Amino acid sequence: MTTVSIDLNADLGEGFGRWTLTDDEQLLSVVTSANVACGFHAGDAATMRRVCELAAERGVRIGAQVSYRDLAGFGRRAMDVPADELAAEVAYQIGALEVFARAAGARVAYVKPHGALYNRVVRDEEQAAAVVAGVLLASAGGTGPELPVLGLPGSRLHEAARKAGLPVVGEAFGDRAYRADGTLLPRGQEGAVVTEPAEVVERSVSMARFGVVAAHCGRSIAVRARSLCLHGDTPGAVDLARRVRAGLESAGVRVEAFA
């Protein structure tokens, strides 16, 4: 039997000041890649430093989770940001995280958009190009060349990244519902978030082993990805993450970082 491998990533560091949202320490014992909030949708300097230190201690790869500047809306509100400004803000976020990653003895290993920006760059060519320009700007500023871009397979973001010579990594979601075209069902619609643990495990294994999942309409669709996202802000996130990892390993899937 051919060995299949998958990366497990989670959105971490999503707190601010005295407010915390994600159980970073526990999730870092399960995942292989950490998407660290860089201060625009969540996170602050102290949180970024702490998560980088914890991730480096555990050998978990550190990724910059870049967002629109939207702390009040957790980066999930639609925004129109000029391309030049967005590119600069993406580079700014990556550079800030790189300081703490280096101090912990690691490096920023990849970039992933968050929330509204993630969904926008699936279809918006201009905003996708701006994110890629920001990644390239950060690389020129010292983060190192060719940071991989983690995102939805077939997205405008991945098209722009490939054109720029950046590696792309396809991502899947065990706890999110898909539309028939392979995009995510918007969070505001009923059934967008899958909460039943057994179903999340089943969907995760199906995508990792066979590259397919049942869409919201009931149709089976192709979802081929190298990384599987486990949302850290969902209730019972740590237990769910452990179940998903155990289910994958029981199905013969090797869990390892892509970067």
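Author: Phe-16, Trp-19, Leu-21 and Leu-71 make a nonpolar surface patch of about 380 Å². The model is a predicted one, and the area is a computed value. Leu-21 counts as partly exposed because its relative accessibility is 32%, and a patch takes residues with over 30% relative accessible area.

Another loop residue gives a contrasting case. Phe-74 belongs to the loop between strand 3 (61-66) and helix 3 (83-103). Its relative accessible area is 12%, so Phe-74 is buried, the cut-off for that class being under 20%. The backbone of Phe-74 also deserves a note: phi is positive there, at about 55°, although the residue is not a glycine.

Next comes the open space. The largest pocket holds about 450 Å³. Its lining consists of 22 residues, and those that lie nearest the centre are Gly-115, Ala-116, Asn-119, Arg-176 and Leu-184. Two elements that each supply at least two residues of this lining are strand 4 (108-113) and helix 4 (115-123). Helix 4 gives the most to the lining of the largest pocket, namely six residues. By class, the lining of the pocket comprises nine nonpolar, six polar and seven charged residues.

The structure has one cavity of 30 Å³ or more. The volume of the largest cavity is about 50 Å³. Around the largest cavity are Gly-174, Asp-175, Val-200, Cys-229, Leu-230, His-231, Ala-237, Leu-240 and Ala-241. Strand 9 (227-230) and helix 8 (237-250) are the elements that give two or more residues to this lining. Helix 8 gives the most to the lining of the largest cavity, with three residues. Six of the cavity's lining residues are nonpolar, two are polar and one is charged.

Technical notes
Residues are numbered from 1 along each chain as its sequence is written. This is a predicted model: local features need pLDDT of at least 70, side-chain atom pairs count only at pLDDT 80 or more; totals for chains, interfaces and linings use all residues. Side-chain values use heavy atoms; hydrogens and water are left out. On a 1 Å grid over the protein atoms alone, a cavity is a set of points where a 1.4 Å probe fits but cannot get out, and a pocket is an open set with protein on both sides within 12 Å along at least five of seven lines; lining residues have an atom within 4 Å of a point. Grid points are joined across faces, edges and corners, and a volume is the space filled by probe spheres set on the points. Helices (H or I, at least four residues) and strands (E, at least two) are DSSP runs, numbered from the N terminus. Ala, Val, Leu, Ile, Met, Phe, Trp, Tyr, Cys and Pro count as nonpolar, Asp, Glu, Lys and Arg as charged, and the others, Gly among them, as polar. Patches are made of residues with over 30% relative accessible area and no salt bridge: like charges are joined within 9 Å, nonpolar side chains (Val, Leu, Ile, Met, Phe, Trp, Tyr) within 5 Å. Accessible areas come from the Shrake-Rupley method with a 1.4 Å probe; for residues, only the protein chains shown count as cover. A salt bridge is a side-chain nitrogen of Lys or Arg within 4 Å of a carboxyl oxygen of Asp or Glu. Buried means under 20% relative accessible area, exposed over 50%, partly exposed in between (1.4 Å probe, protein chains only).
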